[in-house]
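Hi,

Here is the structure I promised to pass on.

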Amino acid sequence: MLRLLPILLLVLLGGCQAADSDSVQQVPQELTQCKEPRPQMCTMQYDPVCAWMPESGKWKTASNGCDACADKRVAGYLAGECNVQGVSTPLRNSL
């Protein structure tokens, strides 16, 4: 029984790692990363961005990049509003 314990432990840890990597969505390369220290005050201009919150795997529209990065849950953002349909990817302007 004690010999099976290390094997069982490895199987359980491997299963957790696979589940975590499967649930992580790919973050776009063009994401503007938020930098530390986070802003404490931002201007009130409206230049919407779509902010990425990796812990929840969701996107949210913020009024501007500064406002997005003031939220510690946000890792970065893309220019433009997020899709209003609740889809987890930002809207893209087609040229």
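A quick definition before the cysteines: I call a pair of cysteine sulfur atoms a disulfide when they are within 2.5 Å. Please keep in mind that this is a predicted model, so local features need pLDDT of at least 70 and side-chain atom pairs count only at pLDDT 80 or more, while totals for chains, interfaces and linings use all residues. Residues are numbered from 1 along each chain as its sequence is written, and side-chain values use heavy atoms, with hydrogens and water left out.

**Disulfides**

By that rule the count is three disulfides. Cys-42 and Cys-66 make one of them, with sulfur atoms 2.1 Å apart. The torsion about their S-S bond is -80°, a left-handed link. The two cysteines come from distant parts of the chain, Cys-42 from the loop between E1 and E2 and Cys-66 from helix H2, 24 residues apart. (Helices, H or I of at least four residues, and strands, E of at least two, are DSSP runs numbered from the N terminus.) For accessibility I use buried for under 20% relative accessible area, exposed for over 50% and partly exposed in between, with a 1.4 Å probe and protein chains only. Cys-42, at 29% relative accessibility, therefore counts as partly exposed, and so does Cys-66 at 27%.

Another disulfide joins Cys-34 to Cys-69, S to S 2.0 Å. Its torsion about the S-S bond is about -80°, so this disulfide is left-handed. Cys-34 sits in the loop between strand E1 (32-33) and strand E2 (49-53) and Cys-69 in helix H2, so the pair ties together parts that are 35 residues apart in sequence. Cys-34 counts as buried at 13% relative accessibility, as does Cys-69 at 8%.

Then there is the disulfide of Cys-50 and Cys-82, whose sulfur atoms are 1.9 Å apart. This link is right-handed, with 110° about the S-S bond. Here, too, distant parts of the chain are linked: Cys-50 is in strand E2 and Cys-82 in the segment after strand E4 (76-79), 32 residues apart. Both of these cysteines are buried. If you number the bonded cysteines of the protein chain in sequence order, the pairing reads 1-5, 2-4, 3-6.

**Sheet**

Four strands make an open sheet in the order E1-E4-E2-E3, with antiparallel pairing. E1 and E3 are at the edges with a single partner strand each, so one side of each has no neighbour in the sheet. Two strands are taken to pair if DSSP finds at least two bridges between them. E2 and E3 run antiparallel and are joined by five bridges, and Trp-52 has Trp-59 in E3 as its bridge partner.

**Asn-64**

What holds the side chain of Asn-64 in polar contact? A polar contact here is a pair of N or O atoms within 3.5 Å; within protein, one must be able to donate a hydrogen and the other to accept it, and residues adjacent in sequence count only if both atoms are side-chain atoms. A polar atom of the Asn-64 side chain is 3.1 Å from the backbone oxygen of Gln-45, and one is 2.7 Å from the backbone nitrogen of Asp-67. Asn-64 is in the loop between strand E3 (58-62) and helix H2 (65-70), and counts as buried at 3% relative accessibility. Leaving aside neighbours within four places in sequence, Asn-64 is in contact (heavy atoms within 4.5 Å) with Cys-42, Thr-43, Gln-45, Asp-47 and Val-49.

Cheers
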